[in-house]
Amino acid sequence: DPNSNKEGVELKQKITDQLKKKSPTAKAEPSQPVPGFKRMQIVEASDDEDEEPVKVDSAADFKPSKTFTGAQRGFVFKLGPKGLGYYKDVVGKAQEGKQEPNEPYPEIKLEHSRQGIEKAKNEANSLFSKGKVDEAIKWFSKALWLVESKKVKDIPADLHSILHSNRAFAHIKQQKWSEAESDCSKALALNSNNTK
């Protein structure tokens with residue numbers, strides 16, 4: 001249609017004219033974030049393979065680091081009030097102290113095998129998709145307990161990571177932010193490519 005082409009040419013000309021009106025030497029002011037949000041700086045990991053892993057002093061509460069250099073026992077990597085780095089995992093520590101040596105959710109019976117872990121993950125995902133978030137968390141937690149208590153061995157790190165990231169998503173649905181953050185940190189420590 002020749003008219004639509006004419007309209008396109010006119011629109012292009014208007015845009016070009018508007019761009020020309022702006023002074024090329026004028027400094028653009030940075031946009032302001034929407035009220036209630038903060039501007040975040042994106043930090044990319046270095047490709048330098050010679051970087052030394054950050055060693056975290058277990059007595060310290062915080063160790064600054066520009067990049068994630070691997071899991072540090074008892075610490076989570078995050079952007080916090082002191083900047084980007086490793087912070088003492090107070091949520092994980094509190095949860096460790098409260099754990100009973102007994103099996104959690106004894107009503108959930110699972111085969112102590114990789115197939116049992118996969119079944120738990122699939123059941124939890126199904127419950128989550130039906131809106132049964134509390135039940136989904138129980139199933140993810142049971143599977144994680146089996147893996148982390150070494151009741152089931154030889155579970156790939158990617159599956160272990162997925163269990164944490166899926167449970168984190170369920171915690172987010174319940175607005176349990178510290179639990180979600182802890183699971184996200186554990187998921188990334190197990191598999192840094194699991195950015196889901």
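Q: Which residues touch the most other members of the largest nonpolar core?

A: This is a predicted model, where local features need pLDDT of at least 70, side-chain atom pairs count only at pLDDT 80 or more, and totals for chains, interfaces and linings use all residues. Residues are numbered from 1 along each chain as its sequence is written, and side-chain values use heavy atoms, without hydrogens or water. A nonpolar core is a set of buried (under 20% relative accessible area, 1.4 Å probe, protein chains only) Ala, Val, Leu, Ile, Met, Phe, Trp, Tyr and Cys residues joined through side-chain atoms within 4.5 Å. Of its 18 residues, those touching the most other members are Leu110, Ile117, Trp139, Leu146, Ile155 and Leu163.

Q: Which element gives the largest share of this core?

A: Helices here are DSSP runs (H or I, at least four residues), numbered from the N terminus. Helix 3 (114-129), helix 4 (133-148) and helix 5 (157-173) each give two or more residues. The largest share, eight residues, comes from helix 4.

Q: Where around helix 3 do its buried residues lie?

A: The buried residues of helix 3 are Gly116, Ile117, Ala120, Lys121, Ala124 and Leu127. Their arc, taken from the directions from the helix axis to the C-beta atoms, is only 140°, so they lie on the same side of helix 3.

Q: What do the buried residues of helix 3 pack against?

A: Take isoleucine 117: leaving aside neighbours within four places in sequence, its contacts (heavy atoms within 4.5 Å) include Ala143, Leu146, Leu159 and Leu163. The buried residues of helix 3 pack against helix 4 and helix 5.

Technical notes:
Buried < 20%, exposed > 50% of the residue type's maximum accessible area, 1.4 Å probe, protein only.
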